[in-house]
Amino acid sequence: MDIFLADDGFRIAGLPMHPLLVHATVVLTPLTALAVALAALWPAARRRMGWAPPIAAVIVAGLVPITVLAGRSLAETVGYTPPVLRHEALGLMLIPWTIALLVAAVLVQLQDRMLRRVAPATARILRIVITAAAVIAAVGTIVVTVLTGDAGARAVWGGM
């Protein structure tokens, strides 16, 4: 299977990469966000999942920009119509959300170790802040993923 950057864009076995990468992105991104939120809200789940949410967040934080680049390549081929431009703008918004999700995932995973060194009252406040940040990052990531996917579907299939 050939994976390369051709003159006409990112391709896998002659097919544009963007539609192929999108499927991984729309599945892994919300699942990772849900795992991060669950780990933040439920310490027993955090212990059971271990480093899986932060590792998944690293993968998602890398996958989303690659999907955006492949989408830009495809847009140059199919044309920058208003629906394509809306989809692209939302896709670009997803990048900072996935970075925030990655930071939150790491903070959630390391919080027990980090907060042992501070006063109990401070630790309690920091736990609340970390949990809130993780939940906000997770919800924002899911919302922008859904909006981006919807805009992409509308760009391909019309107004539906």
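This is a predicted model: local features need pLDDT of at least 70, side-chain atom pairs count only at pLDDT 80 or more; totals for chains, interfaces and linings use all residues.
Colleague: How many helices and strands does the protein chain have, and what makes a run count as one?

Modeller: The protein chain has 5 helices and 3 strands, where helices (H or I, at least four residues) and strands (E, at least two) are DSSP runs numbered from the N terminus. Read along the sequence, the pattern is β-β-β-α-α-α-α-α.

Colleague: Why is α4 called roughly antiparallel to α5?

Modeller: The axes of α4 (residues 82-115) and α5 (residues 120-157) come within 7 Å and cross at roughly 155 degrees. Axes are lines fitted to C-alpha atoms, for helices over the stretch in contact, and angles run from 0 to 180 degrees between N-to-C directions. Angles under 35 degrees count as roughly parallel, over 145 as roughly antiparallel, 65 to 115 as roughly perpendicular and the rest as oblique, so α4 is roughly antiparallel to α5.

Colleague: What is the class make-up of the contact of α4 with α5?

Modeller: That contact has 25 nonpolar, 9 polar and 3 charged residues; Ala, Val, Leu, Ile, Met, Phe, Trp, Tyr, Cys and Pro count as nonpolar, Asp, Glu, Lys and Arg as charged, and the others, Gly among them, as polar.

Colleague: How do you know how α1 runs against α5?

Modeller: The axes of α1 and α5 come within 9 Å and cross at roughly 160 degrees, which makes α1 roughly antiparallel to α5. The residues of this contact divide into 12 nonpolar, 4 polar and no charged.

Colleague: What makes the largest pocket a pocket, and which residues are closest to its centre?

Modeller: On a 1 Å grid over the protein atoms alone, a pocket is an open set of points with protein on both sides within 12 Å along at least five of seven lines, whereas a cavity is a set where a 1.4 Å probe fits but cannot get out; lining residues have an atom within 4 Å of a point. The largest pocket has a volume of about 580 Å³, and of its 27 lining residues the closest to the centre are His18, Val22, His87, Gly152 and Val156. α1 (17-41), α3 (52-78), α4 and α5 each supply at least two residues of that lining.

Conventions:
Residues are numbered from 1 along each chain as its sequence is written. Side-chain values use heavy atoms; hydrogens and water are left out. Grid points are joined across faces, edges and corners, and a volume is the space filled by probe spheres set on the points.
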